[in-house]
Structures are given as C-alpha cells and as structure tokens.
Number of protein chains: 2
Amino acid sequence: MVPSSPRLFYFNAGESGSWRIHSNTNLIGQPLPDAPKLDVLPGFTQLPNLASGWQLQGITSNDRYVTRDEKTALIARQPDLGRPLATHTALIAISKNQSWWDLTQDERRIVLEEKSQHIAIGMKYLPAVARRLYHCRDLSSDQPFDFITWFEFSETDSRAFDDLLYSLRTSVEWQFVDREVDIRMTRAMDL
Amino acid sequence: MVPSSPRLFYFNAGESGSWRIHSNTNLIGQPLPDAPKLDVLPGFTQLPNLASGWQLQGITSNDRYVTRDEKTALIARQPDLGRPLATHTALIAISKNQSWWDLTQDERRIVLEEKSQHIAIGMKYLPAVARRLYHCRDLSSDQPFDFITWFEFSETDSRAFDDLLYSLRTSVEWQFVDREVDIRMTRAMDL
C-alpha cells in the first residue's frame, strides 16, 4: 500500500466534524447532499466510516498562474488559516468545462487575470479573507470537482466575502465554470 | 470506493508485460530495481499481484507550458503512440527539486523554454520520437517521481532519441532535476 501524499486532504461531510454547515447552495450544475457537519482531515488519517454524507478530496500544489510580483504581494498580505477570529468558513467547489482545459497556459492566464482579475480580486480582500486552494482534477480517483477553495473570515467580514464571490462569479473566467457548490459553516464548538 | 480517474495509468515492472526491459539506468539519485518486463495499464484495471518488481503511477493532464502557437505546431507534427514501426520505447522518470516548485509560472516558463528550449527540442525530433507526459506529483498517493515521459521510436531513430536526451540533460532546466531514471525497452513479442 503506497502512503498518501502529505499534501492530500479529505473533506468529510456527515454527522460529526469541527465545522457546522449552515447552508449548502448549488449555483451551477448538480448539488451535493445536505449534511450537518464537516471536517477537513489530512490524507494519512484513518477515515471514519461514512455511513451517510459525502467525501471530497483535494491536494495543495504549486502556484499555476501568479507571477513573482503577484506572489510577493500576496505573501506580504495573506494570513494563515486557523485565526481565532475566523469563525466563519466557506467551501467553494467548482469544475471548469472542457473548453477551459483545452486552452493553453497563456490563454488561461489571459482569461483568469487580464480579463477577470481573479488574483487582484483575492488580493483586495486580504487579510480579511484567508484562503487555501486544493486541486482535485489530477488526483488518482475520479473527483466530481476540479478545485476546492477553503475561505476563513470573521462574522464581520462575511459581507465582504460575498462581494468577493460576486466579483468572481460575474467575471469572464466564470463562463468556463460548469459546476459550483457553495457551503457555509461556522466552528462547531462555538454553537 | 471511488473509481480511478480515466486519465490514470499504472507502470508495472515485473515478470510479465508487453515491453522487455533492456536497460535501467539511474542518472541522478536513487535507482529503481531491475525487472525483466513492463506494462502500461489503465488505472481502472484489476492489477496483477506484484510479488516482485515495482509500480509507478501517472496521469495525463492539461498542458502547463506550451503557448497556442507552440501547441498548433506540435499537433501538426506529433504522431500517435502505438505506431507499428515504434518498436523501441523509453520511460524517463524525473523529479524536480523544491527550488523548481517554488518558482512562479512565469519563472518556470523562462527556465523551461526561453533558457532551455525544452519544447523546441522535442519539436525538432517530431515525428520520429512520439511522446506522452504523465504527471505524478499531485496524485493521491506519495509518488517517487514528479513526471514520467513515455517515448516511442524506431530502432533507426534510437540515436536521434539519445541526441534529444543529451540536449535536455545539458539544459538549465535539468539543474532542477534531483532524480532521473532512464529505462529502455522493446516490444516483448518481437523477441
């Protein structure tokens, strides 16, 4: 048995978990089933038996689009995950269509940043909205989404987070999104 | 049980397989054990029990570096795998060091093409040398290599293939390679 990648994580929705799910909205394509709680667990964890709920997988990886200047600016502003003030979190899972994947790197960069300001939009909401991107498309198992992004923010910044999503969802890049689910949570121990 | 990605493949080295291994050379870092034969099998295959030998995994994915102009030129010249004349094949497995993965996309492109002519070198040997790239780094399991490239060519073009490798291995890009294994094979039924 080959061990899991140290960058692999499981997103388990079911009866138990550190995050209490408040809403589960499908914006494009098929929904995910409702579940009361969610946990994010390292890939090497002995997983609980999922009698109900669902599981997604994602892996952290190298940056695909940022330039050095953008990365320097992001590193200067972006907070770590797990801040005590960040009681609110969102899991946004998306897939992009075949037209996107048939684009070359230079074409994808033009759509993502020059036409859609994806990186600039994220920057605008730093350090309020912390984020981590997980890739799903090139995992060994056939995953229902291409990407999972995990966002953490305070209750006060929830409105700002909705503004961030509005900017992305009305961008040219989102014309290539063919499935999107938006799950909102708060820390389970806070309730 | 989640099904395998349809783009996942296994590289099984052992007592049986469609390809007879003639040489197994480690150029950088740890070697792979010797084995007499090798098979490339789709990820959904029921795998034979590997009492001996080794297994690598790789997944085909979207292009990461080529521009539209380069892709158009490649598509016009590159042959499919499985040509009857292509009795010789090579599996080149490499890993790149952390310095590579810490580069941003624009920096990696400069090293790969502007400084090393990786894409132009491959183009020069088309259609003689057919190739397919498999990604290993972001698979669910912890893989020993980042990439596997599979090359197919005729006996006559074996020398040309060695020239291609020489050009790549003396490039700036190869300063980021921290493991490389080179396995040469011929069709098992030809022997």
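Mentor: Helices here are DSSP runs of H or I with at least four residues, strands are E runs of at least two, and both are numbered from the N terminus. By that count, chain A of this predicted model has five helices and eight strands, and their order along the sequence is β-β-β-β-α-β-α-α-α-β-β-α-β.

Trainee: What makes a globule of 191 residues compact, and what radius of gyration does chain A have?

Mentor: A compact globule with 191 residues would have a radius of gyration near 16 Å, and chain A has 16 Å, which agrees. Along its principal axes, the C-alpha trace of chain A spans about 45 × 40 × 30 Å. Of the contacts in chain A with a separation of 6 or more, 79% are between residues 24 or more positions apart.

Trainee: What makes a nonpolar core, and which residues have the most contacts inside the largest one?

Mentor: A nonpolar core is a set of buried residues of the listed nonpolar kinds, joined through C-beta atoms within 7 Å. The largest has 65 residues, and among those with the most contacts inside it are A:Phe11, A:Ala93, B:Leu91 and B:Ile148. Taking A:Ala93, and not counting residues up to four places away in sequence, one finds that it touches A:Leu56, A:Phe145, A:Ile148 and A:Val181. In chain A, buried residues make up 32% of the 191 residues.

Trainee: How do you know which strands pair with E7 of chain B?

Mentor: Two strands pair if DSSP finds at least two bridges between them. Strand E5 (residues 88–96) of chain B and E7(B) are joined in the antiparallel sense over seven bridges, while strand E6 (residues 130–135) of chain B and E7(B), which run antiparallel, are joined by six; both counts meet the cut-off, and therefore both are called pairs. Within these pairings, B:Ala90 has B:Phe151 in E7(B) as its bridge partner, and B:Arg132 stands opposite B:Trp150 in E7(B). Strand E7 (residues 147–153) of chain B is mostly covered, with five of its seven residues buried.

Trainee: How do you know how the two copies are related?

Mentor: Chain B is superposed on chain A by a rotation of 180° with 0.0 Å of shift along its axis, at an RMSD of 0.0 Å. The two copies are thus related as by a two-fold rotation axis. In chain B, the C-alpha nearest that axis belongs to B:Leu139, 2.2 Å from it.

Trainee: What residues make up the side of chain B that touches chain A?

Mentor: There are 29 residues of chain B in contact with 29 residues of chain A. Those on the side of chain B divide into nine nonpolar, twelve polar and eight charged. H3(B) gives the most to that side, with three residues.

Note on methods
Residues numbered from 1 in each chain as written. Chains lettered and ligands numbered in written order. Predicted model: local features only at pLDDT ≥ 70, side-chain atom pairs only at ≥ 80, totals over all residues. Least-squares fit on C-alpha atoms with pLDDT ≥ 70 in both. Contact = placed C-beta atoms within 7 Å. Nonpolar A, V, L, I, M, F, W, Y, C, P; charged D, E, K, R; others polar. Rg over C-alpha atoms; globule rule 2.2 N^0.38 Å. Buried ≥ 20, exposed ≤ 12 C-beta atoms within 10 Å, placed from the backbone.
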